[in-house]
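Dear colleague,

Please find the structure for your review below.

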Amino acid sequence: MSDDSRATGKCLCGAVKITLASRPKEVGACHCNMCRRWASGPSMAFDAGKDIKVEGKAHVTAYRSSEWGERAFCKTCGSNLYFRLVEADSYVVCAGLLDDQDSLAFTSQIFIDSKPNFYDFANDTKNLTAAEFIAMYAPPADKA
């Protein structure tokens, strides 16, 4: 793996650092009620899957926000870090952590039917309702 293909980032205080084996290309917005309460607006994040190394885990606190996911933040500075799909051990990382965000393209919005009326994005993105997103990614009811 060349250093050019990696991506790095950190929380506001630098206590938590992330390294990804490959640079993300796309970022999406989540408008669900939990993300908006967590981020005080839409959560802007990218899918890192399992391709993440987290340093400073002693500074990470996770909150189990649903049956299938948890939200993590730095307990030193409060920076939102990631949403982790527990069963899949897969990470959706907050885009603001990245040291270099210039190559990201804003491509999708989920829970678009939960978005409040006081903001709109001008970008042309793929838009999924809550039901469409849950149908794609939530574990089947018989596994929950």
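Two residues are said to be in contact when they have heavy atoms within 4.5 Å of each other. By that criterion, among contacts in the protein chain between residues at least 6 apart in sequence, 52% join residues at least 24 apart.

Please note that this is a predicted model, in which local features need pLDDT of at least 70 and side-chain atom pairs count only at pLDDT 80 or more, while totals for chains, interfaces and linings use all residues. Residues are numbered from 1 along each chain as its sequence is written, and side-chain values use heavy atoms, with hydrogens and water left out.

Overall architecture

The protein chain contains 2 helices and 11 strands; these are DSSP runs numbered from the N terminus, helices being H or I with at least four residues and strands E with at least two. Read from the N terminus, the order of elements is β-β-β-α-β-β-β-β-β-β-β-β-α. The radius of gyration is 15 Å, close to the 15 Å that the globule rule gives for 144 residues, so the chain is as compact as a globular protein of that length. Here the radius is taken over C-alpha atoms, and the rule is 2.2 Å times the number of residues to the power 0.38. Along its principal axes, the C-alpha trace spans about 40 × 35 × 30 Å.

Surface and charge

Of the 144 residues, 40% count as buried. Buried means under 20% relative accessible area, exposed means over 50%, and partly exposed lies in between (1.4 Å probe, protein chains only). The chain exposes about 8500 Å², of which carbon and sulfur atoms supply 50%; these areas come from the Shrake-Rupley method with a 1.4 Å probe, and for residues only the protein chains shown count as cover. There are 17 positive and 18 negative side chains, and the centres of the two sets lie 6 Å apart. Lys and Arg count as positive and Asp and Glu as negative, with His and the chain ends not counted; each charge is placed at NZ of Lys, CZ of Arg, CG of Asp or CD of Glu.

Strand pairing around β3 and β10

Strands are taken to pair if DSSP finds at least two bridges between them. Strand β3 (residues 26-30) runs parallel to β10 (residues 105-110), and 5 bridges join them. Within this pairing, G28 has S108 as its bridge partner, and A29 stands opposite Q109. On β4 (residues 43-49), which runs antiparallel to β3 and is joined to it by 3 bridges, the partner of G28 is A45. Strand β10 is also joined by 3 bridges to β11 (residues 126-128), again in parallel, where S108 stands opposite K126. In β3, 4 of the 5 residues are buried, so the strand is largely enclosed by the rest of the structure.

Individual residues

T19, in β2 (residues 17-20), is buried, with a relative accessible area of 15%. Leaving aside neighbours within four places in sequence, T19 is in contact with R6, A7, T8, D51, I52, K53 and E55.

S90, in β9 (residues 90-94), is buried at 13% relative accessible area. With neighbours within four places again left aside, the contacts of S90 are D47, G49, F83, R84 and L85.

K10, in β1 (residues 7-10), is partly exposed at 40%. Its contacts beyond four places in sequence are V16, K17, L97 and D99. The C-alpha atoms of K10 and S79 are separated by 9.2 Å, although these residues are 69 apart along the chain.

Yours sincerely
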